[in-house]
Amino acid sequence: MAEYGRIALVVYLSIFVLTMAGFSVAIMQGFEVAGTSATVGTFGAAWVATKLTQPIRIGVTIVLTPIVGTFINRLQKPT
């Protein structure tokens, strides 16, 4: 965590936002959400779907963080 803490947080949050946006778009394109407000209904359904994918997102974060960290370190080293 000391080596990749910030990178892991950014990777995880990026995956979360992309997943949430993806589910929101998918729900808006393919499903009618019933409720008092379609926007709130879509957001709620996307949030639940995103929560269900949390174990997968954590695993992807664990795999991607060292790769992203290595890439960033290579960019920061002078040639």
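Tutor: Residues 24 or more positions apart account for 72% of the contacts in the protein with a separation of 6 or more, where contact means heavy atoms within 4.5 Å. The model is predicted, so to speak, by record: local features need pLDDT of at least 70, side-chain atom pairs count only at pLDDT 80 or more, and totals for chains, interfaces and linings use all residues. Residues are numbered from 1 along each chain as its sequence is written, and side-chain values use heavy atoms, with hydrogens and water left out.The protein has three helices and zero strands, a helix being a DSSP run of H or I with at least four residues and a strand a run of E with at least two, numbered from the N terminus.

Within H3, Arg57, Thr61, Thr65 and Gly69 are buried, where buried means under 20% relative accessible area, exposed over 50%, and partly exposed in between, with a 1.4 Å probe and protein chains only. An α-helix has 3.6 residues a turn, so residues three or four places apart point the same way.

Ile56, Val60, Val63, Leu64 and Ile67 make a nonpolar surface patch of about 440 Å². Patches are made of residues with over 30% relative accessible area and no salt bridge, with like charges joined within 9 Å and nonpolar side chains (Val, Leu, Ile, Met, Phe, Trp, Tyr) within 5 Å. A salt bridge is a side-chain nitrogen of Lys or Arg within 4 Å of a carboxyl oxygen of Asp or Glu, and accessible areas come from the Shrake-Rupley method with a 1.4 Å probe, only the protein chains shown counting as cover for residues.

Thr53 lies in the loop between helix H2 (38-52) and H3, and Thr53 is buried because its relative accessible area is 18%. Leaving out residues up to four places away in sequence, Thr53 touches Thr19 and Phe23. Thr19 is itself among the buried residues of H1, a helix that covers residues 5-30.

Conventions. Expected span 1.5 Å × (residues − 1).
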